[in-house]
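Here is a friendly walk through a multi-chain model, with an eye to what can be read from it and where to be careful. Have a look at the structure first, then read on.

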Amino acid sequence: MKKLLALAIALLLAMGCMSAFAADGPIEGLDYPDLPDNTLKITVSTANFGTDQVNTKMMKLWQEKMEEYLGIKLDITWTTIPWDDFRSNESVKLAAKDLADVNTYSQGDLVNQYGAEGVVLNLNDYLDYMVYYPTFVEGNVGGWDGINNLDGSSYVFWDGYDNDVNLAGAQSFAAYAYRFDVLQEYGLEPATTWEEFKDLCADLQALIDSGEVDADYVLHNGASWMAFYRGFVGTFHTWDTLYWNGEEWAFGPIEDNFREMLTELHELYELGYINSEFQTDESADDEAENARILCVPTLWAGSVQTWNAQSDEDVVWGLAYLPSSEHGTAWKWGSKITGKNLGTNLQMGIIVNAETEYPEWIVSMIDYQYSPDIYLMLNWGVEGEDWYLGDDGLRHYTDKFMAQPVSDRAQLLADEGIMSSASARTGIAFVPQIFSTIAAYGDTEPWWSPEKGYYEGHYWYETAFNGGVESISPYDRAPIVNVSDETKTARAALKSACESYAKTESVKFITGELDITDDAVWAAYVEGVKSQYKGFDDIIAAQNEGTDLESLSMYHD
Amino acid sequence: MNKTNAAVPKKAVRNKIHIGGYSFDIVNVTFLVICCLLVLLPFMRVLAISLSSSRMIDRNMVSIWPRELNVKGYEIVFSNVTIYRAYGWTLLYSVVYTLISVAMTACLAYPLSVSDFVLKKPISVLLLITMFFSGGTVPSYLLIRNLGLKNTLWALVLPGAVSAWNTFLYRAFFKGISHEIREAALIDGAGDFRILVSIIAPLSKALFATFSLFAIVGMWNSYFAAMLYIEDQSRQTIQNILRSIVYTSVTATFSDASLPMTNGAVNALNVQYACLVATIAPLLVIYPFIQKYFEQGMQVGAVKG
Amino acid sequence: MTGTASTKLIGKRRQNPILRFFTLLYKQRTLVALCILPMALVFVFSYGPMYGVLIAFKNYNAGKGVWRSQWTGFGNFQWFFENVNSVQIILQTLKVGVLSLIFTYPMPIILALSLNEVAKKGFKRTVQSISYIPHFISVVVICTMLNEFGSVNGLFNDVRALFGLDRVNMNAGTNYFMLFYIGSAIWQGAGWGSIIYLSALSNVDTSLYDVANIDGANRFQKIRHIALPAILPTTTIVLILNSGNILSQDFTKILLMMNNTNRMDLEVISTYVYRIGIVTGEFDHGTAVNLLVSLVSLILVLTTNRIVKSIDPEQAMF
């Protein structure tokens, strides 16, 4: 009897112990620590992008889905801070080691320093607790090698996206905006080559000069904070910072192609085509809406829809792909890699406090945001209520949104917490985005191509179709680079210092304050760029040395 | 009673001044009128643009009168419900800060104005050091967090309550009045605390009014500290809320771009300038009330002696 | 005044200085008590974080905190002079600081003296009220206004056009930066800054004016001999304190006035420190530069004070 009792007690104890040390989690065969009351009580610090996501419908669904998957209750204290403020405070909080359990992150390589210092959790210690994030990593160039540091650590769940339509679309600096109403009235067409573009500018200027068209300038910048030349670097096959030019890593603004571009821009400026306020006018949008300009080469393609919505009926803005030059088809920047991906520019994501109590649960929780269960839901909303499957086999938003004016749809979506609105990033920012959703609720805008003439399209698709495969810039399909943390930090500092210098000086070349034709002036400028960061050449050399050319085979578009 | 007594000799004095130089007055008044115009013209421009249509603004048709009346900028600002709460909180921050700052600075400046105060030198040096050396953002942030002041009004109110600069200015003012008065009061058997409260303070109304105004405006316009220490958006200050209204239509925050987009049939300047009017209007409303005390204080000061 | 009390004390018996100190301390206990609360605030909020200056000599490690981070000696200072365009930044800082002081300092004094000469109270009050309004505007808005006014179609160009001058883009480059920066500081600050001086002028003994009138003094003489001496202590203190600000400009304003045409040319120390701290997280480098600025500012203030002292010992601050 005694023996039996002892055995029973021992068994009970053993079971008790087992349940105490190994709770059941979402991933079978893995031990998760036991939680008090079966509840994960954590703090989350995330950003809001115009709409506070916390009390939206989709946020509640996020929590329900998450609790169902994890099999526990979530007790989350949310702090959502406007994005601008969030970014300004981020460094201070990291340096003060004042992190919530889970935090939105936006500073790229800088995280490695904080990871090494024991502020941010090394996620690779918890790889077993991930199921869905790896599918995004593996879709990325270089896979795990591409995101891991040399010592095998990795501190960020990088912001991913699902390019489900498999199109290499781009949003900015991939098309020029023209006043289609003016072009059509005078029998003109958007330019396909740089020479044509210059002729077109001359024609348009003549129309302004003769008073036939009421406008102030032919050319203007889409927004003053963008360097004007970003609309032209693609045509001349260069870029505004350190980039992979197809053969090696180079600093764009000191390349000969860049000089050639500045020479051309200076010519356009001298001819009076470019608004003299191209780099200081803070209300460029309003100038476009009020028909004061005829062509905007540097812009975010989505601006065109806004301009058309805000302007008088007879003012029509439309897009055409960048003109090519003797260098070939113009490159477009930021074209997306197909499928699930993290992109080439690892800048934002989610970090976990190194001192958090239940990293296993937290890693699994964030990982689940990369599952279609969560991100499809947050990008589209609820089936039936917000979207339906059409006869074409594609998802469409319901009339709840589509019956409303185009300009109101984004806000309506945001109020529900649906991520395609872009002003609500529901869940813990950043849940992967699906870009095609923008096209699904957005209107089309006028387009022009040499084959089709004038037609209606959406920039997300048209930028992919019109340039073709040759238009994908080498930088967007760059090889992975293995360099030390110090080099990464130095590289970031170099980029920021030298880019700023190049921006300021290139304006002087365009306006003629500096003589672009003078070799000595150009040489002094190149020296000036390099002097902004000690060891400029060494860092670029290290970048080239660490390049893994084999990783280029990962791309298949 | 003081006032009526003061009015008579003062007027006589002023009359005599007039006899002295009409041409001086003409030049002087012209100078001041020009100053006022220089101040007012930009404001009229701001008001005019905030009330004009986007079309007129971009065609450069607006000078200092509104063209094609358009109140959409104001609609955007005032349709945002958070703004009213922000007004309330900012008012609270300002009032508490002002009270603490004026009281604490006066308490510190008075002993420093006594010429043989034993701790005068060490305290002056300690204050002077704070004018030049600070621990920097990160240690200050750690302090506020460790004291548990984040998201509370104390995070905004306490750190700047006693500043060396203000203390030195108070001290200079007290020096001007406390000289004989303190000695006389001490002989009458009054303690220093009573001297400060019932003799110095009433004589310093002008000073207090001036610095209250400084404090209120300072707190009203501050946004940096609030951005760092107030994470609870429902307690945010008016400046921060208006800042985010201006940027509220930020869309397309995809991982590689964050591009601002204006919203509605409204010019960016409509919203920005409506925000300007929204921030300074309350101050302009409060100002006359403070100015009343301010003027009284000045008169008391003038009567003295 | 109480000097009599202390001399009496010393006269009684020659005490040792420590004992004398404590006796006086006890005698002035009310004064000491008054200081306790405000000084507590100063100690907690100004001295509490002061250990942070150590970061200037360390390789700051967020995980270890300030105390346990590694010492680097003067490495951070060296870094500033070797890796950055430090000479250009320092020169630009000095240029902005000195010119600002020269042009903004006298304006409030002139305005106060001028207002003080106005006899009509209603007019005086109106001018005063109007002159304060710009101070109520935040720096963000000021910069928006500057950008709009300086654009080709802006208010400033409207004025230029009135005088037959070309319309130019005043926001581009650096040509108009100093004018805008200092002009807006005067516009915002002159009326507000005059409050202190008016406050001092309100304490002038009116009988002095009576005497002056009897002596037949003209207006300028009265300003020179009555009003100016009355505000001299205040003007001196403000000058001494302002001289310490030469190296520390309003970084938000400069940041907001920067654009792609002039960013590198306008960089001053304060914007640089902000940029490397907040944007790239290099707080150790930033703290080192800040410490240098603090030291130089302190020296500037002490020098100004010394100069003032040599002219008139009464007016010196310490």
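The confidence score used here, pLDDT, is the predictor's own confidence in each residue, on a scale from 0 to 100. You will want it at hand, as this is a predicted model.

**Confidence in chain B**

The mean pLDDT of chain B is 79, and 81% of its residues score at least 70. Among the elements of this chain, helix H8 (residues 154-157) of chain B has the highest mean pLDDT, 94, whereas strand E1 (residues 250-251) of chain B has the lowest, 34.

| Stretch | pLDDT | Contacts in the model |
|---|---|---|
| residues 1-17 of chain B | under 50 | twelve contacts beyond four places in sequence |
| residues 299-305 of chain B | below 50 | 14 contacts beyond near neighbours in sequence |

Where pLDDT is low, the predicted coordinates should not be read in detail.

**A residue in helix H2 of chain B**

B:Tyr22 belongs to helix H2 (residues 22-50) of chain B. Is B:Tyr22 buried or exposed? B:Tyr22 counts as exposed because 9 other C-beta atoms lie within 10 Å, and the cut-off for exposed is 12 or fewer. Between the C-alpha atoms of B:Tyr22 and B:Val114 there are 44 Å, with the two residues 92 apart along the chain.

**Nonpolar cores**

The largest nonpolar core comprises 220 residues, and A:Val102 and A:Ile350 have the most contacts inside it. Beyond its neighbours within four places in sequence, A:Val102 touches several residues, including A:Ile42, A:Val44, A:Ile350 and A:Ile428. Another core, of 86 residues, lies apart from it; A:Leu183, A:Ala191, A:Leu268 and A:Ala288 are among its members.

Chain C is built with 17 helices and two strands. Its C-alpha atoms fill a box of roughly 75 × 65 × 35 Å along the principal axes. The radius of gyration of chain C is 25 Å, while a compact globule of 318 residues would have one near 20 Å. Of those 318 residues of chain C, 43% count as buried. Among contacts in chain C between residues at least 6 apart in sequence, 67% join residues at least 24 apart.

Definitions and conventions. Residues numbered from 1 in each chain as written. Chains lettered and ligands numbered in written order. Predicted model: local features only at pLDDT ≥ 70, side-chain atom pairs only at ≥ 80, totals over all residues. Helix = DSSP H or I, 4+ residues; strand = E, 2+ residues; numbered from the N terminus. Contact = placed C-beta atoms within 7 Å. Core = buried A, V, L, I, M, F, W, Y, C linked by C-beta atoms within 7 Å. Buried ≥ 20, exposed ≤ 12 C-beta atoms within 10 Å, placed from the backbone. Rg over C-alpha atoms; globule rule 2.2 N^0.38 Å.
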